[in-house]
Amino acid sequence: MSPEEGFAGARRSMVELQLRARDIVDERVLAAMERVPRELFVPERARDHAYEDAALAIGSGQTISQPYMVARICELLALTGRERVLDVGTGSGYQSAVLAELVSDVVTIERIPELAERARRSLAAAGYGRVDVRVGDGTLGVRERGPYDAIAVAAAAPGAPDSLYEQLKRGGRLAIPVGDRQSQRLEVIVRSPEGPAVLRSVPCRFVPLLGEEGFPGAGADLSEGPEAGEAF
Ligand code: SAH
């Protein structure tokens with residue numbers, strides 16, 4: 001069996017055991033998760049662990065999200081194919097790749113330049129070179145590419161940043177883990193004419209969203225991160 005066949009088998013098991021078995025029901029999301037080669041988004045020495053039911057360290061104190069959380073966020077965004085999506089917290093680029101399987105236009109922003117550069121390379125190697133990777137404070141969004149049909153945030157915030165809500169189209173959805181640094185709930189906030197409509201989903205644990213409209217601490221040494229390896 002070639003390494004590719006091995007990874008493909010591991011990917012199928014991931015979809016069945018980690019996603020379908022936990023009530024991910026959107027067939028487009030399941031198909032996307034079965035297509036994206038997650039092993040290309042983890043550090044080389046961790047390739048054999050790529051399909052484990054966990055977040056993995058990717059350097060700079062950050063993690064590639066657990067497959068289940070990636071699928072849950074994508075499902076909550078209710079995407080159908082022609083949307084423009086903003087992915088805040090690029091990290092490894094894996095979530096952006098899954099989003100690129102689901103919609104035609106993906107913009108992503110990461111605050112740590114080294115991670116953004118590596119994600120750009122991984123995305124190109126996996127065939128998702130059309131994803132627009134930006135470096136900067138994603139709590140402020142990427143205004144010049146908006147408005148967005150959906151925004152996914154893969155880091156924990158004390159509340160949904162106003163700038164992100166304002167960059168949603170009418171009826172657009174923002175998925176974001178909201179809580180303190182230790183534990184959060186995934187929230188989906190819909191932009192409606194009456195103001196934000198909030199729906200709460202699963203409990204979760206993400207690395208913090210650091211920035212002007214996130215947790216303080218973004219000015220600190222970027223190479224340091226006490227949260228390494230412990231979040232979803
Ligand atoms: N979905 C990514 C998850 C990465 S973890 C993946 O599957 O690989 C969250 C990422 O958010 C980290 O890389 C962290 O550096 C980044 N981040 C934290 N605060 C940010 C901010 N204000 N703007 C952009 N990225 C941020």
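Predicted model: local features only at pLDDT ≥ 70, side-chain atom pairs only at ≥ 80, totals over all residues.
Residues are numbered from 1 along each chain as its sequence is written. Local features need pLDDT of at least 70, side-chain atom pairs count only at pLDDT 80 or more, totals for chains, interfaces and linings use all residues, and side-chain values use heavy atoms, with hydrogens and water left out.

**Exercise 1.** Work out where Arg38 sits and what its side chain reaches.

*Solution.* Start with the place: Arg38 is in the loop between helix 2 (27-35) and strand 1 (56-59); helices (H or I, at least four residues) and strands (E, at least two) are DSSP runs, numbered from the N terminus. Next, check for charge partners. Arg38 is buried yet has no salt bridge, and Glu39, the nearest side chain of opposite charge, is 8.1 Å away. Buried means under 20% relative accessible area (1.4 Å probe, protein chains only), and a salt bridge needs a side-chain nitrogen of Lys or Arg within 4 Å of a carboxyl oxygen of Asp or Glu.

**Exercise 2.** Find how many residues of helix 3 are buried.

*Solution.* Take residues 67-76: 10 of 10 are buried. Then step just past the helix, where Ala78 takes a positive phi of about 50 degrees.

**Exercise 3.** Which helix gives the largest share of the lining of the second largest pocket?

*Solution.* Helix 5 (residues 113-125) does, with six residues.

Technical notes: Buried < 20%, exposed > 50% of the residue type's maximum accessible area, 1.4 Å probe, protein only. Lys, Arg positive; Asp, Glu negative; His and termini not counted. Polar contact = N/O pair within 3.5 Å; in protein donor to acceptor, adjacent residues only side chain to side chain.
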